[in-house]
Amino acid sequence: MPIAALKTLLFGACLLPFGYYAWGAWHDTLGANPIEAVTRGLGTWALNLLLVTLAVTPLRKLTGWNMALRLRRMLGLFVFFYAALHLATYLWFDKFFEWKEIALDILERPFITVGMATFILLVPLAATSSNFAIRRLGGRRWQALHRTVYAIGILAVLHYSWLVKADQSQPLLYGGILALLLGLRAWWREQERREQLAGKYQPKIRNRIIPILPRR
C-alpha cells in the first residue's frame, strides 16, 4: 500500500475515538456522568496511542517493516492531541477554570500531579516534531530531548494506575506492555554495547530522522 494511502487510513483511524466521544456528548449517550466518561476516555486513548507509538521501533526491528517509521510522527502528534483534549475537559468541564481549585488538585492529589507533569513533558516533544526543529536543535540534542518519551510513558501509566483505585487489572496490563517495550530497547542497546566492546558493531547509516520519538 502506498505510504500516502496508509497515512490517510491511520489519520482516520486515530480520529475515530474523538468522533465517538464528540457524538456521544452531543447526543447524550455517554451515561450518567458524561464529563467523566469523556475525560477518562480521552486520557485512555492518549495512553493507548503512546504505547502504539513506542511499539513502532520494536515492530520495525522485529519485522523489517521500515515504513512503520514514517507513521510515527502522526501517531506521536495524536498522542499530544488526545492528551491536550483530556486536560482541556478537566480544566473546562470539571473545574470550570477555577484556578485555585486546580492548583490544590495539583498539590494534593498525586495522580493529578503526575498527569500535569506528563503533559508538560509532552509539550516540547510536540513542539519540536518537525524537520525544521531537528535542523535547529541538531540531531543529537533533538534525540536527547525526545528520549524523555520513556519517562512520559512511565508517568502516564502511573497516572492511570493512581486514577483507577479499585480494579488494577488494566493499569497492570498497560504497565506490562510498557515494560516489554522499554525492556526490548534496553536489551538491544546492551547488545550493541557488547558488540562495540568486541569491535563487531557497525552502526547503521540513517538518512532521515522521524520526529516525535527517538530511534530506540
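This is a predicted model: local features need pLDDT of at least 70, side-chain atom pairs count only at pLDDT 80 or more; totals for chains, interfaces and linings use all residues.
**View A. Trp-99 sits in helix 5.** Helix 5 covers residues 99-108. Is Trp-99 buried or exposed? Trp-99 counts as exposed because its relative accessibility is 53%, and the cut-off for that word is over 50%. Now look for Leu-158, which lies 59 residues from Trp-99 along the chain. The C-alpha atoms of these two residues are separated by 24 Å.

**View B. A nonpolar patch lies on the surface.** Which residues form this patch? They are Ile-35, Trp-92, Phe-93, Phe-97 and Trp-99. Together they have about 540 Å² of accessible area.

**View C. The largest nonpolar core has 45 residues.** Here we turn to the inside of the model. The residues with the most contacts inside this core are Leu-47, Leu-49, Leu-50, Leu-54, Tyr-90 and Met-116. Which elements give two or more residues to the core? They are helix 1 (3-27), helix 2, helix 4 (72-94), helix 6 (110-127), helix 9 (149-163) and helix 10 (169-198). Helix 4 gives the most, with 9 residues. As a general point, nonpolar side chains in soluble globular proteins tend to be buried together.

**View D. Leu-50 has several contacts beyond its neighbours in sequence.** Leu-50 is one of the residues with the most contacts inside the largest nonpolar core. What does Leu-50 touch once neighbours within four places in sequence are left aside? Leu-50 is then in contact with Val-79, Val-149, Ile-152, Gly-153 and Ala-156.

**View E. Thr-53 is buried in this model.** You can find Thr-53 in helix 2, which runs over residues 34-54. Thr-53 is called buried because its relative accessible area is 1%, and the cut-off for that word is under 20%. Where does its side chain reach? The side chain of Thr-53 reaches the backbone oxygen of Leu-49, at 2.6 Å. Leu-49 is also among the residues with the most contacts inside the largest nonpolar core.

**View F. Ile-177 belongs to helix 10.** Ile-177 itself is partly exposed, with a relative accessible area of 34%. How far apart are the C-alpha atoms of Ile-177 and Val-52? These two residues are 125 residues apart along the chain, and their C-alpha atoms are separated by 9.9 Å.

How values were computed. Residues are numbered from 1 along each chain as its sequence is written. Side-chain values use heavy atoms; hydrogens and water are left out. Helices (H or I, at least four residues) and strands (E, at least two) are DSSP runs, numbered from the N terminus. Buried means under 20% relative accessible area, exposed over 50%, partly exposed in between (1.4 Å probe, protein chains only). A polar contact is a pair of N or O atoms within 3.5 Å; within protein, one must be able to donate a hydrogen and the other to accept it, and residues adjacent in sequence count only if both atoms are side-chain atoms. Patches are made of residues with over 30% relative accessible area and no salt bridge: like charges are joined within 9 Å, nonpolar side chains (Val, Leu, Ile, Met, Phe, Trp, Tyr) within 5 Å. Accessible areas come from the Shrake-Rupley method with a 1.4 Å probe; for residues, only the protein chains shown count as cover. A salt bridge is a side-chain nitrogen of Lys or Arg within 4 Å of a carboxyl oxygen of Asp or Glu. A nonpolar core is a set of buried Ala, Val, Leu, Ile, Met, Phe, Trp, Tyr and Cys residues joined through side-chain atoms within 4.5 Å. Contact means heavy atoms within 4.5 Å.
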